[in-house]
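Thank you all for making time this morning. I would like to walk you through one model, going from the overall fold to a few individual residues, and please keep the picture in view while I talk.

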Amino acid sequence: MTINIRNMNDPCKLLPASLVTDENRATGSPIGAPLVALDSDLPSMCTFPFTYEDVTYTKCTKANYGGKFWCAHSADFQAGSIGETWDECYENQEFRYRVSEQSVNGAFEVHSQTGQVQVGTVKLNYEKVKSYTIKVEAVDCKGLAGDCDTAWDSPATHYISEAVIEIAVRDIN
């Protein structure tokens with residue numbers, strides 16, 4: 001899968017994903033873990049997503065680190081374990097997400113703040129469609145003073161990245 005970046009001035013990178021859901025999931029139900037967008041300012045050893053104390057993180061966290069952001073170097077971080085390492089992140093990563101294209105309109109949505117893919121308003125039917133493709137865009141909100149949604153207004157300067165997300169549907173009948 002390819003990652004397309006429209007602006008090379010400190011872009012974020014939205015990672016492609018392959019997800020699985022069953023055909024009877026209700027509208028708004030989450031599918032898999034949230035999508036991962038990486039800021040190019042992150043320490044190079046950060047691993048996303050990572051799990052720490054049974055919570056999965058797709059960006060740096062302040063959990064148990066005195067209000068400072070940090071990231072793990074392994075997917076299943078066990079604080080205090082021999083060999084476990086981490087880095088301090090110099091800023092919070094804040095992104096906005098949206099679906100720009102999909103093979104069946106309305107089949108899926110993505111939460112604009114978390115990147116969580118969700119079942120849309122179209123009923124999934126395994127007998128008719130066994131897999132779907134959606135194209136999701138992510139924008140890096142750095143420097144927008146809390147008004148992330150304005151980043152979509154000027155894509156030439158606000159680091160938009162897009163990735164293809166494949167969603168397979170399981171028949172549970």
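The chain has 14 strands and zero helices, and if you follow the elements from the N terminus onward, you read β-β-β-β-β-β-β-β-β-β-β-β-β-β. Please bear in mind throughout that this is a predicted model.

Let me stay with the chain as a whole for a moment. The chain counts 173 residues, of which 40% are buried, and its accessible surface comes to about 9,000 Å², with 49% of that area belonging to carbon and sulfur atoms. If we take the contacts between residues at least 6 apart in sequence, 62% of them join residues that are at least 24 apart.

Now to one of the sheets. Three strands form an open sheet in the order E6-E5-E8, and the pairing within that sheet is mixed. Its edge strands are E6, covering residues 55-57, and E8, covering residues 76-77, each of which pairs on one side only. Strand E5, residues 50-52, runs antiparallel to E6 and is joined to E6 by three bridges, and within this part of the sheet phenylalanine 50 stands opposite tyrosine 57 of E6.

Which residues touch the most other members of the largest nonpolar core? They are Phe108 and Val117, in a core that holds 23 residues. Several strands each supply at least two residues of this core, among them E2 (12-14), E3 (17-22), E10 (95-102) and E14 (160-170). There is also a second, separate core of 15 residues, which includes Cys46, Tyr52, Tyr57 and Phe77, and you will recall Tyr57 as the residue that stands opposite phenylalanine 50.

I will finish with valine 139, which lies in strand E13. Is this residue buried or exposed? Valine 139 has a relative accessible area of 0%, and because buried means under 20%, this valine counts as buried.

Conventions. Residues are numbered from 1 along each chain as its sequence is written. This is a predicted model: local features need pLDDT of at least 70, side-chain atom pairs count only at pLDDT 80 or more; totals for chains, interfaces and linings use all residues. Side-chain values use heavy atoms; hydrogens and water are left out. Two strands pair if DSSP finds at least two bridges between them. Helices (H or I, at least four residues) and strands (E, at least two) are DSSP runs, numbered from the N terminus. Buried means under 20% relative accessible area, exposed over 50%, partly exposed in between (1.4 Å probe, protein chains only). Contact means heavy atoms within 4.5 Å. Accessible areas come from the Shrake-Rupley method with a 1.4 Å probe; for residues, only the protein chains shown count as cover. A nonpolar core is a set of buried Ala, Val, Leu, Ile, Met, Phe, Trp, Tyr and Cys residues joined through side-chain atoms within 4.5 Å.
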